[in-house]
Amino acid sequence: MSGPSQHGSDRPQRLARAAAVSGAPGKLCPADRATQLLEAVIQPGDRVAIEGDNQKQADFLAAALANVDPARIHDLHMVQSVLALPDHLAVFERGIANRLDFAFAGPQSRRLAELVASKALKIGAIHTYLELYARMLVDLQPQVALIVADKADRDGNLYTGPNTEDTPTIAEAVAFRGGVVVAQVNEVVDRLPRVDIPGDWVDVIIQTPKPYRIDPLFTRDPAKIHDENVLMAMMAIAAVYEPYEVRRLNHGIGYATAAIELLLPTFAAQRGLKGKIAQHFVLNPHPTLIPAIEAGFVDSVYCFGSELGMERYVSSRADIFPVGADGSLRSNRALAQVAGQYACDLFIGGTLQIDAQANSSTATKDRITGFGGAPNMGADARGRRHGSPTWLRAGQEAGDSLRGRKLVAQMVQTRQPNGAPSFVERLDAFDLAASAGFALPPVMIYGDDVTHVITERGVANLLLCRSPQDREGALRAIAGDTDFGQRQSPELSDSLRRRGIVMSPADLGIDVATANRGWLAAKSIDDLVTASGGLYTPPAQFRAAAAHS
């Protein structure tokens, strides 16, 4: 067979072969012919985009691709947001694909590192989400897309429901370059609740034997939030949200930011901050946001994707979430990343390691985790031109009279749950770059974008630092009893506190003795259900956890 086509020159031949496999006119292909279909439409050397979002997976098509004959289909270049399933790596293990461009590989990060080390695959680059989408439109244009949706009609129109996520971006990148788009769907119906992807973007539909996989990645059980998380959340509100009047923001995933969400109706309200902070979120529908929404703190939420169990609650709050006439959320990962970069004044999230320059990374020696959207959200957008009190104040504190600054905060305990120090002299990412042959170490968020670092020991305001020595000293001052923290004299830390660069809980008027779970607006999954008026339906694993707690 010949190599990949340019701009769809052989699209008619590919579709003719697909029709022969399907065995009937129209766009429907029987599920038991999925692997044959992919052997018909994919050619050796093709770039193939398979939908693997943060949450929903084209899992049936991933398995079908992993089962093609390597003698017929080989040397594929996989272009995908997330590697989440064993089948995503099986294509490399079986010699079907040999090159990868991606954004995130959380569940498969260790195995990916092993395959890179054994030369089973070559990584072109680890991207941010927006970066990968952009390249799919420019120089990484796929010949074939394998996507996923809730429902389809017989004309190929797709309904994605609340979890639209990456689907429109992938489909458009392929459909308008003469490529072939194959969609797995849970159900084929006569009439869709709404059309999320037009049928003329879609070439083949496969109704799968069981619903596609989707994971509740953004659910955090309040019962697992510790007193240290509460203390850090109180400091974040007092040192960042309140003085900068942060109204538009994005939260990362984790117990630290879940604690902030659950402190809005209690601690933040007590400080008179309702209507002054945390009104507009770019965020998946976090269940821990329910009490703040019900308390009237939140005016709007724009979503990357949805969250299992939140469907009925979201539909009931069309005043807060982007809900269509069908009563279902419409999410969009690409547009949410743009909103997070340009319409938000604060990104606050966590990491695994921070070095003396405030560079942070989740990539360690034996794990190629990737970045996802954190570098998009946790970066100062140099193209921004509209002002806000938050943005302007941050710029002034940084000494910039010409432009403002986006707030980028990292919340991390001085030690990880396994006891490893969070603050290090040198990121593992440097060793990973050398072993994997990367041109640059995979730094998640660069230190010059970070404005605040928060630990259980205090807050470092890096905007006020006027030298590299100040920045390093501020980080060491809040690093606790780690080797990194102990390499600094108490006198220097005290000097930074007097200058307001470092703030302890006491400096912020917070009594550590009272910083505990009592402040949480919900202390369990059951409390979240109650706060939702019974509309939140937790996934099975969270109901089981609640029953055993």
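Which residues in helix 2 meet which residues in helix 3? Before selecting anything, note that this is a predicted model, where local features need pLDDT of at least 70, side-chain atom pairs count only at pLDDT 80 or more, and totals for chains, interfaces and linings use all residues. Residues are numbered from 1 along each chain as its sequence is written, and side-chain values use heavy atoms, with hydrogens and water left out.

Start with helix 2, residues 34-41 (helices are DSSP runs of H or I, at least four residues; strands are E, at least two; both are numbered from the N terminus). Six of its eight residues are buried, meaning under 20% relative accessible area with a 1.4 Å probe, protein chains only. Colour Ala34, Leu37, Leu38, Glu39, Ala40 and Val41 to see them.

Ala34, Thr35 and Leu38 in helix 2 meet Phe60, Leu61, Ala64 and Leu65 in helix 3, with contact meaning heavy atoms within 4.5 Å. Of the residues in this contact, six are nonpolar, one is polar and none is charged.

Next, move to Ser81 in strand 3, residues 76-82. Buried or exposed? Ser81 is buried, at a relative accessible area of 5%. Show the side chain of Asp166 too: the Ser81 side chain makes a polar contact with it at 2.6 Å (a pair of N or O atoms within 3.5 Å; within protein, one must be able to donate a hydrogen and the other to accept it, and residues adjacent in sequence count only if both atoms are side-chain atoms). Beyond four places in sequence, Ser81's contacts also include Gly52, Phe102 and Tyr129.

Note on methods:
Buried < 20%, exposed > 50% of the residue type's maximum accessible area, 1.4 Å probe, protein only. Nonpolar A, V, L, I, M, F, W, Y, C, P; charged D, E, K, R; others polar.
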